[in-house]
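Here is a short report on charged side chains that pair up. Have the structure open as you read.

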Amino acid sequence: MAYASSSRISYLGTMAAGALVDGQGVATATQDIAARTNQVANNHIQTTVSAVNSTYASPATIYTMGHGDAHGNGAFTGVVPQGFVGAVGATYTGMAGLHAHGTLMFGANPLQMAQTFFTAQGLVSTSEGLAPTLSKLDDGVEFGKFPNIDSLVYPADGIFPNYLGSGYPDYQAVVTNGVSTLVTSASITNFQLLASDLVNLGKAFDLSDISNFGNPGQIISALYNADGLTATGLDVILAQVNIDPGNIYNLGSENYNVIMQSILDSVTTPELIANAQLLLETNIDLDNLGNYTDFDRIFVNSKDVVSFSTMEEFKTKLQALELGRIETVAELAVYVNDIEPASLPTIGNNSNFVNTGYVDDMIAQFLGGTGPYGSITLSDMIGILGGVGVKNHATSYQNAMNRLYSAGTLTALRARMDELVAGLNGDYTTGSTPNFIITDPNGGATFGPSDPPDYAGFQAAKIAQIESACATILSGGGDDVQLAIDSWHAIFKKIRDEKDFQSRIDMGYSIRTNHVDNAYNFVTSLRGTMDQFDKAPIINGMVDEAVRQGDTGAEFFRAYIKELENKQVADNFDIRWRAEFDA
């Protein structure tokens, strides 16, 4: 037993919670990611912030230039890829869109960030619980035994149907866990009739050895284990045929069963039979011990309602069921007697297990993540808070763009971007009212004369040149060109996916509070759960970003997280943790 602390929060934990209350300790990782990625863009292709703020610029067009497949999905112009504009928004440069998403999740301060975690964990926890079942239902659950199992062919899609087994042919069998298959019509009365016969078999047969259930050798083994061979006269008969009762090993052999049956048939003395009944706790009408395997003598009350007519058929049906720790028929009787069927007037005879209309909405709500069985994880929902799912892609993008710049691949594009910014800021405009003229330095095309200057015409022409330069980069190919595109695309796919997961519930962004207890609840919830739901990498990412910014409160938070990890090691040895208060 690990050392039991009376405290819910350590000294360090309290300091970490205090840092959160003070607005310290964590920061959204998108700050660093966006800054570093923008730095790459600024150095290589210029950003268009000054152009967007110009009097005659058209921001909407600038935010979408080069965002299609033919121009690199925005990777070379720094805008949101066309396919993700609907999710991320069309009024941001790419990194501004990323940071806006992170800022929305973080809120105004760490106390609001904590509420984002609490809300997301609700969906994640539900998804984790439902995912295994929903995943199986989505793949298809079928009644009955897998057909043609002896000639199984691997399915083309790699997905095997989920068959319940021959003991579960309908909903009633599912409700009763297969007990209904033992009778011709599922009812409490029929179950009780069957149980009334089974209880009379006591310990005569061994259900833990189901493959040999009902064989006569099990009767002799049961009496041997009860020290009852002498009391039943079987010791003399077994000795006469030179059979060691402690080594009845071949119960499945037909010839062996014939011998065992013959031995049991030979015990006809009423006193010896009575002894066997007492030892095996049975209550069967016996003329000899061989009657223990007589179907008609066993199923006296239920013979008209059971779905089998021989002990062999009964064994086959039992083999198809889940019997858990049941070892004797008497125990089976108790189980059967207490099971109740359901009244299913409509679905009782359904041939398809899954009603897709009932599960499709739940599948859409709770599956689609990267966790086991497609469950949704915290990283799926809010990973970007800590840079999870985007940091590595951003680094790959930055490295690829640096190499492309060094190779001169981006030179022409950078020049056109510089010209766009300069032109929209008036650098190429000459003349006076009413004859302003804008002259494009790349080719000498003019726009005007007009008053005001024809910035819209200049912008449209320059964006066409920018997109042409992007197309040239693509046509040149190369690993870094593709890496830049793929990495940029992956960043915005992650944003879109997070927004999709968050849209499935009310994240409560508009009603978050600044209550201090959010800090306490957030910190104490980390104890023993840092590794749950992919929580640790998100929190560590936020702490690392705050430390990078020089936030000493983040160092307290980092210390507390490491303390939690170390305390788990100490708990294994019942070591008291000195910096954790004990009353």
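A salt bridge is a side-chain nitrogen of Lys or Arg within 4 Å of a carboxyl oxygen of Asp or Glu. The model is predicted. By this rule, it holds 21 salt bridges.

Take Glu565 and Lys562. Their side chains meet in a salt bridge, at 2.7 Å from N to O. Why does this pair count? The N to O distance is 2.7 Å, and the cut-off is 4 Å, so the pair counts as a salt bridge. Both residues belong to helix H26, which covers residues 552-571. They sit three residues apart, so about one helical turn separates them. Glu565 has a relative accessible area of 36%, so it is partly exposed. Lys562 has 46% and is partly exposed too.

Now move to helix H23, which covers residues 479-502. Lys493 and Asp497 lie there, four residues apart, or about one turn of the helix. Lys493 is partly exposed, with a relative accessible area of 36%. Lys494 and Glu498 also lie in helix H23, four residues apart. Are Glu498 and Lys494 buried or exposed? Both are buried.

| Pair | Distance, N to O |
|---|---|
| Lys493 and Asp497 | 2.7 Å |
| Glu498 and Lys494 | 3.2 Å |
| Glu565 and Lys562 | 2.7 Å |

Salt bridges can also join up. Which residues are linked in a network of salt bridges? They are Asp32, Arg36, Glu545 and Arg548.

Methods. Residues are numbered from 1 along each chain as its sequence is written. This is a predicted model: local features need pLDDT of at least 70, side-chain atom pairs count only at pLDDT 80 or more; totals for chains, interfaces and linings use all residues. Side-chain values use heavy atoms; hydrogens and water are left out. Helices (H or I, at least four residues) and strands (E, at least two) are DSSP runs, numbered from the N terminus. Buried means under 20% relative accessible area, exposed over 50%, partly exposed in between (1.4 Å probe, protein chains only).
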